[in-house]
Amino acid sequence: MRLAVPTLIGVTAGVIGLLAVLLHTGEKGAVNWSPVTIMVIAVFLRSLFLCRHPELSDDIYRYLWDGIRSLTCHNPYSLAPIEVKPQTEALALLLESVNHAHLVTIYPPAAQAIFMAGSALGGSVLGLKVLLVAMDLVTCAIILRLLSRLQLPSWRAALYAWHPLPIIEIAGSGHIDGAGILLFFLTLLTAKSVIELSKDPMDSRRESPTPVISSTAFYFLFAGLTFACAGLVKLFPLIFLPGCFILFPPRGKGPFVIGWLTGTVLLTVPFLPDLKNALVTLAVYVHHWEFGNFAYRTLHGLTSSGNIARWILAFAFLFTVTFSYVRLFLKQRRSRRRSIGQESLLPALHVFYGIAIAYLLLTPTLHPWYALYLVCLLPFSAGPAGLTLSWSVFLAYRVLMPYAVLGEWVENDTTPFMIWLAPVAAFLLAIQNRTSRS
């Protein structure tokens, strides 16, 4: 597949184009697909890539290494892979495929638990991919459930279930991000359940005060636990923590925080004290890694300093996040004053969608699978910019062609520019179209 990147980009462009047509016609009421149809096709599409050898990324070999280390009662944070003497020939072969073997694993504790579970399924890449694909299909089912509760049509789930990015990056390459998305959506589904349960709290308390209070407290606590797990699979969902906190009514914030802190402690304690070694690898990533981002490369060229470029991008992203959550908070407060806060999940999803786009445009390191956290929000907030960006990230794989032939990792400024240009152009065209209609 590395030598067929142009074909990959062309085919995925065609599929995204079809999804755009689906979105356009679906909004006009011309589409009416059942959840069963969406799930069956989702299973079929993932099955096409499940047994393929990972070619676009070698991250899954690190996952498998970490999982096997945990299964053999070794702390994966204690030593870098290159410092470990393999006890079997199979482990020696696996070590040859582990990327950045000189660094201790960067993946958080919840990810390690999933690596261990996947490695227990035969100790193979296929076993780990089977687990991750199963989790991804559960995510599709949860999206369908959320759409139903938000009174949105089920066909919108196809924007994720049939999107080429999760199919290629999870079923094909076996990226752990799919597990984080599942746990994040489990938090959202729990939040929606709480909101529905709290629609008329006064009447419920009159009839049965204790069950309602205890059941809602349990939901808040469980949401905190699932969010802790999501943030400890990949750190990205932590960006959504303020939004989740705003989402809950005042009486639920305490149990949510308790659940989040409890989950975080339970997951991290078994890996102490060696877990601190992962922070060293994280620091290397934050300060030195960069790939495929036009904003970073441009600022780096203008300032002649990677650190200054990173600080500017960090400030821009922090400003965007703060502004977005302040607006959400004010909107939620107005809604609660008017007693219409029960549909508060959808505005939060719109904010998450905008923040995900901002992150992808401002992060110094932009790998295609990072956009999975954008694609999972498309069924609720799809727009031209987000849909286009979810395709343009595939252009980053262009670097794999010379790498496969010559063994040289050669980057240029044109590809990051095209990744940026595509969603920006789509956004401007959408505004122009809207203006011409009005």
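These are my notebook entries on what I looked up in this predicted model.

**Ground rules**

I am working from a predicted model in which local features need pLDDT of at least 70 and side-chain atom pairs count only at pLDDT 80 or more, while totals for chains, interfaces and linings use all residues. Residues are numbered from 1 along each chain as its sequence is written, and side-chain values use heavy atoms, with hydrogens and water left out.

**Entry 1: the core**

I began with the nonpolar cores (sets of buried Ala, Val, Leu, Ile, Met, Phe, Trp, Tyr and Cys residues joined through side-chain atoms within 4.5 Å). Buried here means under 20% relative accessible area, exposed means over 50%, and partly exposed is in between, with a 1.4 Å probe and protein chains only. The largest core has 128 residues, and I noted I176, F184, F185, F240, Y325, F352 and L377 as those with the most contacts inside it. Helix α17 provides the largest share of this core, 14 residues. Another core, of six residues, lies apart from it, with Y77, A80, V104 and A278 among them. Helices are DSSP runs (H or I, at least four residues), numbered from the N terminus.

Not counting residues up to four places away in sequence, L377 touches F185, F240, L349, F352, Y353, A356 and A382; contact means heavy atoms within 4.5 Å. As background, nonpolar side chains tend to be buried together in soluble globular proteins.

**Entry 2: Y77**

Next I looked at Y77, which sits in the loop between α3 and α4. Is Y77 buried or exposed? Y77 is buried, because its relative accessible area is 0%. Leaving aside neighbours within four places in sequence, I found Y77 in contact with V104, T105, Y107, P108, P109, Q112, F271, D274, L275, N277 and A278. The Y77 side chain also reaches the backbone oxygen of Y107 at 2.4 Å, as a polar contact (a pair of N or O atoms within 3.5 Å; within protein, one must be able to donate a hydrogen and the other to accept it, and residues adjacent in sequence count only if both atoms are side-chain atoms). R46 is 31 residues from Y77 along the chain, and their C-alpha atoms are separated by 32 Å.

Most residues other than glycine have a negative phi, and most peptide bonds are trans. I picked out C73, which has a positive phi of about 65° although it is not a glycine. C73 lies in the loop between α3 (59–71) and α4 (89–97) and counts as exposed because its relative accessible area is 73%. H100 is not a glycine either, yet has a positive phi of about 50°. I placed H100 in the loop between α4 and α5 (109–119); at 39% relative accessibility, H100 is partly exposed.

Which peptide bond is cis, with omega near 0°? I found the one from L272 to P273. P273 is in the loop between α13 (250–268) and α14 (276–288).

I9 lies in helix α1 (residues 5–27) and is buried, with a relative accessible area of 15%. I9 and L395 are 386 residues apart in sequence but 6.7 Å apart in space, C-alpha to C-alpha. Beyond neighbours within four places in sequence, I9 is in contact with W391, F394 and L395.

S392 is in helix α20 (residues 384–392), and I have it as buried, with a relative accessible area of 0%. A polar atom of the S392 side chain lies 3.1 Å from the backbone oxygen of I419. Residues up to four places away in sequence aside, S392 touches M418, I419, A422 and P423.

**Entry 3: the second largest pocket**

On a 1 Å grid over the protein atoms alone, a pocket is an open set of points with protein on both sides within 12 Å along at least five of seven lines, a cavity is a set where a 1.4 Å probe fits but cannot get out, and lining residues have an atom within 4 Å of a point. Grid points are joined across faces, edges and corners, and a volume is the space filled by probe spheres set on the points.

The second largest pocket holds about 700 Å³ of space. Of its 26 lining residues, I noted R327, H350, V351, Y353 and G354 as the closest to its centre. Helix α17 gives the most to this lining, with eight residues.

Conventions: Helix = DSSP H or I, 4+ residues; strand = E, 2+ residues; numbered from the N terminus.
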